Amino acid sequence: MTTRGEAWRKELGGRRVTVVGLARSGVAAARLLLVLGARVTGTDVKPAEALPVEARALGHAGVRLFLGGHPPEAFEGADLVVVSPGVPTELDPLEACRRRGVPVIGELELAWRAMEADVIAVTGTNGKTTTTALVGALLAEGPRPVLVGGNIGRPLSAEALGVPPDGLVVAEVSSFQLETTETFHPRVAALLNLTPDHLDRHPDVAAYAAAKARIFLRQTAEDWAVVNADDPAAHALADRAARARRIAFSRTGRVPEGAFVWEGWITLALGGRETPVAPVSEIFLRGAHNLENVLAATACAAWAGTPPERLRAAIRAFRGVAHRLEWVRELAGVAFYNDSKGTNVDATLKALGSFEEPIVLIAGGRDKGQDFTPLAGAARGRVKAAVLIGEGRPQLRAALGPVTRVVEAAGMAEAVAEARRLAAPGE
């Protein structure tokens, strides 16, 4: 019997496929398509000199390249179009392809169709990277080969042909990746939380939520939908969209099925039985949001039958991921943390809430259409000073200026030096 992946891989042979966007995901998609025998065209709005060497090298590998724009010629005769996550899906050339009946899918969908392995997919506004990495760590000593990828690291298209059929893929998936899926079917789909984000790309919060909801689209009653019981928006979205078995996680109370905190222990409830897994005191990561991430990861790993003693050992050993409340060092009595992957207001609120000590905050970058006013309440009495960088400085100054001292810096190096000058021992 021909499997899903075999059928798709054979179907691509000789097909004309255009890959739109040649960053990491696009390069991985183009290379996968070449291996499968497709005739590949690549296009990117950036000129050749602005693209990484890996993208430029595609031309030598047999990819027809159109750079510096998306001309009609790049799409002529295409049987399929694959879109990178960073490319807006409403581009005129993509709409024209859809009108002609040409399928337009994303890199995640391409990789999924080429694989045979089961997938555990993690999405949400915040916590995806930490939770995905921890699920991988919880499953690492199990009997099935485990690959961790997607938005967290290497694109899945770069790994799709190397994952054995009996493997487990743990994938961080974003709204941009999910909005271009059609048949993507994770056996476990985790929705960690849902707050406004990426409103510079999605037209409104409803569209952002609809993209996230696609993680549940192809699941059946045989699958698991792991959902944050403490997040009303995530809970409501799952109620509307999920048909799979509901597995909840909560740090505030018991759940009928899932992971929760009881008497200081992470506890699993499955099949009418409650099993203590690990004391909360053994979690290295700071903050209530990281406790939620550990609960979500524990629930996901339980689907694979990971025994409690292995879960506890992995939880105790896990030290987090780079750029997520990552402890850097202590210098002259001041603790330095890197939370540079906290790229929205809700992530910053959770980070600030993780510390009792006074904080000197470096903040900035793009505003992505967010409302910064909630930062004022979190900063009052907690943020000693804020050093602002990037194009979001005016909005951040308006929010933080009334409640704390605000200074500006031209770049990160200057900001770190200024923050070090402002911080005192114990901060």
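Modeller: The account below takes the sheet, then the helices across it, and ends with a helix pair elsewhere for comparison of terms.

This is a predicted model, in which local features need pLDDT of at least 70 and side-chain atom pairs count only at pLDDT 80 or more, while totals for chains, interfaces and linings use all residues. Residues are numbered from 1 along each chain as its sequence is written, and side-chain values use heavy atoms, with hydrogens and water left out.

The open sheet has three strands in the order 17-18-19, and their pairing is parallel. Strands (E, at least two residues) and helices (H or I, at least four) are DSSP runs numbered from the N terminus, and two strands pair if DSSP finds at least two bridges between them. The edges are formed by strand 17 (359–364) and strand 19 (405–408); each has a single partner strand, so one side of each is left without a neighbour in the sheet. From one strand to the next, the twist averages 25°. Six bridges join strand 17 to strand 18 (residues 383–389) in the parallel sense. Leu-361 has Ala-386 as its bridge partner in strand 18.

Two helices lie across these strands. Helix 15 (residues 393–400) lies across strand 17, strand 18 and strand 19, where contact means heavy atoms within 4.5 Å. Helix 15 runs at about 165° to strand 18; axes are lines fitted to C-alpha atoms, for helices over the stretch in contact, and angles run from 0 to 180 degrees between N-to-C directions. Helix 16 (residues 412–422) also lies across strand 17, strand 18 and strand 19, and its angle to strand 18 is about 165°.

Helix 7 (residues 128–139) packs against helix 12 (residues 308–317) at an angle of about 130°, with the axes 8 Å apart. The two are therefore oblique to each other, a word for angles that are not under 35 degrees (roughly parallel), over 145 (roughly antiparallel) or 65 to 115 (roughly perpendicular). Helix 7 contributes Leu-134, Ala-137 and Leu-138 to the contact, and helix 12 contributes Arg-310, Leu-311, Ala-314 and Ile-315.
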